[in-house]
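Keep the sequence and the 3D view open as you read.

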Amino acid sequence: MKILVPVKRVLDYNVKVRVKSDQSGVDLANVKMSMNPFDEIAVEEATRLKEKGVATEIVAVSIGPAQAKDTIITALTIGADRGILIQTDQDVEPLAVAKLLKAVAETEKPDLIIMGKQAIDGDNNATGQMLSTLLDWPQATFASKVVVENGEAQVTREVDGGLQTLGVKLPAVITTDLRLNEPRYASLPNIMKAKKKPLETKTVADYGVDVTPRLKVLKVTEPPKRSAGKKLADAAELVANLKSAGVL
Amino acid sequence: MAALVIADHDGAHLRDTTHKTVTAALALSSDVDVLVYGEGVKTVAEAASKIAGVRKVLVAESADLKQDIAEDVAALITGLAVNYDAVAIPASASGKNFAPRIAAALDVSLLSDVIEVVDGSTFVRPIYAGNALETVQTSEAKKVLTVRTTAFKAAAEGGSASVETVTAPATKAGTRFISEEKVTSDRPELGAAKIIVSGGRALGSKEEFDAVIDPLADKLGAAVGASRAAVDAGYAPNDYQVGQTGKVVAPELYIAVGISGAIQHLAGMKDSKVIVAINKDPEAPIFSVADYGLVADYKTAIPDLMKALG
C-alpha cells in the first residue's frame with residue numbers, strides 16, 4: 001500500500017508573529033520555519049503504518065519555494081521514502097493546493113493520503129476536505145486513531161462533544177488531529193539516510209493547474225491589543241473586582 | 001442575493017451559534033434562509049423559524065444526515081446552493097468538516113473563520129492563531145464561508161418564517177458510520193457558556209483537576225475548559241480543549257487556573273470579555289492578557305475564592 005503525505009513549510013509554531021508595518025502580510029524574513037506540526041503527525045502516522053507492514057511506500061509532497069525542500073527532507077528523516085517538491089514562489093491557496101495534490105494522486109495512485117487538519121499559518125482547515133471532494137474519495141478528518149484493515153481505514157475522529165468512528169473505503173483522505181500520535185525525534189543516522197533518498201523537483205506547470213489566487217488580501221493587521229490588567233492581592237479582592245465589572 | 005445558513009443543533013435544541021451565523025449572513029443579504037438537517041428535527045426547525053430576519057427554514061431529514069457524514073451533508077448543501085449567492089456555516093467541528101467540500105464542489109475558495117463581514121465581497125479572518133487579521137476580497141460568484149460565531153451577536157427572536165421540507169440526495173457508500181462516544185455533562189456547553197473555568201498542566205492529575213476545577217465551575221454555573229497540556233496529560237477529555245486546535249471561546253468571564261498561556265491557548269480565549277489568571281509564576285504569559293491576576297498557588301487560591309464567593 002502506498003501513502004501520500006502532503007507537508008507544508010510554515011513559520012515555526014514557537015515564533016512570535018510580526019505583522020509588517022505596511023500591512024502587506026506577516027514578516028517571514030529571517031525567522032525560523034518548520035514543518036507544520038499537524039503534517040509532522042501525518043508523516044509519523046504513515047511511518048507507523050509502514051512499520052506495521054500495512055504500508056510499503058511513503059511519498060512526501062510539498063508545494064512551495066525552493067526552501068520547502070528542507071520540509072520534505074524532514075519528512076524523509078521521519079520515515080518517508082521519497083519526496084516531490086512542486087516549486088513555486090506564489091502563495092498557493094487551499095483550493096489550488098487540492099488541485100495540485102489531486103494531479104499528484106492521479107500519477108502516484110496512492111491508496112491513502114494522510115495530511116494535517118490545518119496549517120498553523122493560514123488556519124484554513126480546508127485542503128484535505130477539498131482534495132477528497134475533487135478525487136471523489138471518502139474523507140475522515142480530525143483523526144485521533146487510525147486502523148487500516150481489509151481495504152478500509154477505521155478512523156476515530158475528534159468531533160464537538162466527543163468522538164466519532166467512521167470506516168472509509170480506500171483510497172481515502174485522512175486529516176490528522178494533534179492527538180493522533182507523538183512524532184519521533186530524528187536520529188543522526190536517519191538524517192544522514194534522508195539526504196540520500198530521492199527528491200524530485202517539479203513545477204506547477206507540470207501539472208497544468210491554475211494557481212492564480214482567488215482571494216485578494218487587502219491588508220494584514222494586528223489584532224486589537226489586550227493589555228495586562230491588575231494583579232490583585234487575594235481572592236476577596238478578585239471577587240469584588242469581578243462583581244464591579246458585572247461578570248459575577 | 002440570498003444567503004443560506006446551516007443550523008447548528010444537537011438534534012433536540014438549536015444552538016445560539018445558529019443565531020450568530022444568521023447575523024453574519026444578514027450582513028450579506030436580506031434574504032436569509034436556514035437549513036436544518038438531521039433526523040427528528042421538527043422542534044429545531046421551529047426554533048429556527050423564530051429567529052428574526054429569517055425568510056424560510058428548509059428541513060432535510062434522514063438517518064444518514066443524523067450521523068453528520070461530510071459527504072452526505074455537503075452533497076445536500078451543494079445541491080441547494082444553486083439558489084443562493086452565499087452559504088454561511090458555523091465554524092464548529094462539524095461545519096469545518098463539510099464546508100470545504102461545498103467550496104471545492106462549487107470550485108470557489110473557502111472563506112474560513114470569518115470574524116467580520118465588511119461588505120458583500122470583503123471579509124476579515126484571523127490567521128497565525130489569531131496573531132494577525134487578514135482582510136480578504138473575493139471575486140467568487142458564490143461565497144462559502146464558515147463563521148467564527150463568537151465574533152457575532154446572536155440574532156434576536158421574534159421571526160415567523162415558513163418551514164419547507166427538502167429532500168436529501170442519495171448517499172454514497174464510501175463512508176460508513178461505526179460508532180460515537182459523546183461526553184455527557186450537566187454543565188453549559190463550552191462554546192455557549194457565559195463563564196468558563198479552565199485548568200492547565202499545573203493541576204498535576206485528573207483527580208486534582210476534577211477536585212479543583214469542577215466545584216468552582218459548579219459554583220459559578222460555568223463550563224469547564226482545559227489547556228492542551230492538561231488534555232494531553234489526560235487530566236481532561238479532548239473536547240474540553242480551548243485553543244487554536246481546540247475550541248475558540250469568548251465568554252463574559254474566563255478563569256484560567258494553572259495555565260501558563262501559550263500562543264496556541266491564547267488563540268482560543270483572548271476575546272473573552274474579562275480574563276482572570278490564577279498562577280503561581282508571576283512571569284507566566286497568561287498575565288499579559290489577564291484583566292485580573294492572582295499570583296498564587298491554586299491550592300490556596302481556589303479554596304479562598306470559593307469562600308469569597310460565599
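B:Ser92 is buried, with a relative accessible area of 12%; buried means under 20% relative accessible area, exposed over 50%, and partly exposed in between, using a 1.4 Å probe and protein chains only. You'll find B:Ser92 in the loop between strand E4 (86–90) and helix H5 (93–105) of chain B. Helices (H or I, at least four residues) and strands (E, at least two) are DSSP runs, numbered from the N terminus. Leaving out residues up to four places away in sequence, B:Ser92 touches A:Asp160 and B:Asp8, where contact means heavy atoms within 4.5 Å.

A quick note on ground rules: this is a predicted model, where local features need pLDDT of at least 70 and side-chain atom pairs count only at pLDDT 80 or more, while totals for chains, interfaces and linings use all residues. Residues are numbered from 1 along each chain as its sequence is written, chains are lettered from A and ligands numbered from 1 in the order in which they are written, and side-chain values use heavy atoms, with hydrogens and water left out.

| Residue | Place | Relative accessible area |

Not counting residues up to four places away in sequence, A:Glu108 touches A:Lys2, A:Val59, A:Arg82 and A:Ile84.

Now for the cores. A nonpolar core is a set of buried Ala, Val, Leu, Ile, Met, Phe, Trp, Tyr and Cys residues joined through side-chain atoms within 4.5 Å. Which residues touch the most other members of the largest one? They are B:Leu35 and B:Phe98, out of 55 residues. Helix H3 (residues 94–108) of chain A gives this core its largest share, nine residues. A second, separate core has 38 residues, including A:Val5 and A:Ala60. Back at B:Phe98, its contacts beyond four places in sequence include B:Ile6, B:Tyr37 and B:Asp68.

Next comes helix H4 (residues 127–135) of chain A, which is mostly covered: eight of its nine residues are buried. Among them are A:Thr127, A:Met130 and A:Leu135. In chain A, the buried residues of H4(A) pack against partners including H3 and strand E6 (112–116); in chain B, they pack against H5 and strand E5 (110–114). Just after H4(A), A:Asp136 takes a positive phi of about 60°.
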